[in-house]
Amino acid sequence: MIEIDGIKKTYKDFTLDCSLAIQPGTITGLLGQNGAGKTTLFKAIMDLIHVEKGKILIFGKDHQELDKNQVGFVLSNTCICEYLKLRELIQMLNAVYDHFHLDHFIEQCKAHHLPFDKKINEFSTGMKAKLNILIALSHEAKLLLLDEPTAGLDVVAREEILDLIRTFMEEDEERCVLISSHISSDLESLCDDIYMIDQGHIILHETNDCLLDEYGLLKVTKEQYQDLDLEYILKTKEENYGYACLSNHKQFYKENYPDIVIEKNTLDILFSMMLGGH
Amino acid sequence: MKGLFIKDYSYIKQSKFLFLFLIIFGLGFSFIYDYHTFVYGYFSVFPSIMLMSTINYDDYNHGFTSLLSLPISKKEYIKQKYCLGLILGLLFLAIAFIISCLSYYRSLHSFQFLNSDLFCGCIMSLMFAYFIIALATPVAIYFGSQKGQLAMMVIFGGIFVMGFIIYFIFNLLGIDLKAWIDTIASSSIPFITLGIVVITAILNFISYQISIKIFNKKEY
């Protein structure tokens, strides 16, 4: 559904240089620190910035020809037309989108207690985040591009938003979602596929199942480390007890090194090891 | 484009008290000083100011990023702004015309003032409004909301200074500019009006093309 092939965008002290592919029917997570290039990537997909090289295909067409009726886009901490009241914004959206579900959208706004006669810039962070998601879900989009949709929200509000995304995917198996977050637990519970980005480069791509089943964190003493076969070790980090080693073949070590403690992988562990290990 | 008009109408609606104040001030000034044509010049600057304020609203807090993620092309956005400028120009001219008619009628107690000179004057003031729009829109698009207001002040200041310099040079050369303009105007005002309409239309077309280029080049 989305093919990004070798795009490059250079800023003064940052370069985005990456490739990725997003399949129909999947939720793909983009995990990275603040400033890793997540937002730049989203902006490139939406043709809000000009890339220097590479190509971006969406639904088989160049991204510059993208019909934005087919996309629901959320950018963290920004809202459409913040000087408008919600009531006015709804009228505008109804006129802008080809297939805006007006009644359903109004119902959803009421259900989430969004005030119709208040300007958007007076909304709380949570209200703005919910509004952004509701807009993205309101017009029969086939693709959701969500950049930090849960940033700054409490656990309950985050869960509400994740549920809305899950419902969106259940309604049509051809839909797909690209979601970024630096809150790895959000992505862990939601995504089928995970990309990890750092300093503008994709440093890891795996399915979520593979990451959770096949990756593991080996905790070894310095003596155990000496005898360890390092073939399947991706990253190593020095710790008080010896070394923490990230492996993508934890079964191999389970079978061949029964004395070693192997912790179940989480995205937090993975994130920390991929960025902090060597 | 309908959605963009709804948005801008909602913004402009928020300034309804300012609108009312401007009308009352124009009305008051015309009536108190019996200066019947004052409102044409007075109202001719407001279309551009209102248009620029809608661009500033759009740009507020990364607004263009969100706006351009909707099914709105950059070209469509620019086109709508020039259309809005056209409508605002006509709207303010209509208000100015009503106020000036009331003011004239109050003094003359007849409709003798409704002649070709007045209509040419109306068109000229409208063209002046469109001239400022042609000048200010690419600047507002280029500089955005933060520097845009400063750029506007520089432009308006520049127009004022340029006018003053031209007047000063003509004075130095011993040419009475006002009398010269009056002579030309009285002899062939319909042709001059037509010429100004054509020039303003060309300027707006060029301005529109520049705005599209700037908008396409910018990143959001």
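1. In chain B, a salt bridge joins the side chains of Lys7(B) and Asp8(B), with an N to O distance of 2.7 Å; the term denotes a side-chain nitrogen of Lys or Arg within 4 Å of a carboxyl oxygen of Asp or Glu. Lys7(B) and Asp8(B) are each buried, that is, under 20% relative accessible area, where over 50% is exposed and the range in between is partly exposed (1.4 Å probe, protein chains only).

2. The model is predicted: local features need pLDDT of at least 70, side-chain atom pairs count only at pLDDT 80 or more, and totals for chains, interfaces and linings use all residues. Residues are numbered from 1 along each chain as its sequence is written, chains are lettered from A and ligands numbered from 1 in the order in which they are written, and side-chain values use heavy atoms, with hydrogens and water left out.

3. Asp8(B) also forms a salt bridge with Lys81(B), the closest N and O atoms lying 2.9 Å apart. Because Lys81(B) belongs to helix 6 (residues 74-108) of chain B and Asp8(B) to helix 1 (residues 2-13) of chain B, the pair ties together parts 73 residues apart in sequence. Helices (H or I, at least four residues) and strands (E, at least two) are DSSP runs, numbered from the N terminus. Lys81(B) is buried, as is Asp8(B). Through shared partners, salt bridges connect Lys7(B), Asp8(B), Asp58(B) and Lys81(B) in one network.

4. Over all chains, the salt bridges number 15. In chain A, one of them pairs Arg158(A) with Asp186(A), with 3.2 Å between the closest N and O atoms. This pair links distant parts of the chain, 28 residues apart: Arg158(A) is in helix 5 (residues 155-171) of chain A and Asp186(A) in helix 6 of chain A. Arg158(A) is buried at 17% relative accessibility, and Asp186(A) is buried with a relative accessible area of 4%.

5. Across all chains there are zero disulfides, a disulfide being a pair of cysteine sulfur atoms within 2.5 Å. For Cys210(A), which is in no disulfide, the nearest cysteine sulfur is that of Cys191(A), 15 Å away; Cys210(A) is buried, with a relative accessible area of 13%. Cys122(B) is likewise in no disulfide, and its nearest cysteine sulfur, in Cys101(B), is 7.6 Å away. Cys122(B) is buried at 4% relative accessibility.

6. The loop between helix 6 (184-188) and strand 9 (193-198) of chain A contains Asp192(A). This residue is partly exposed, with a relative accessible area of 36%.
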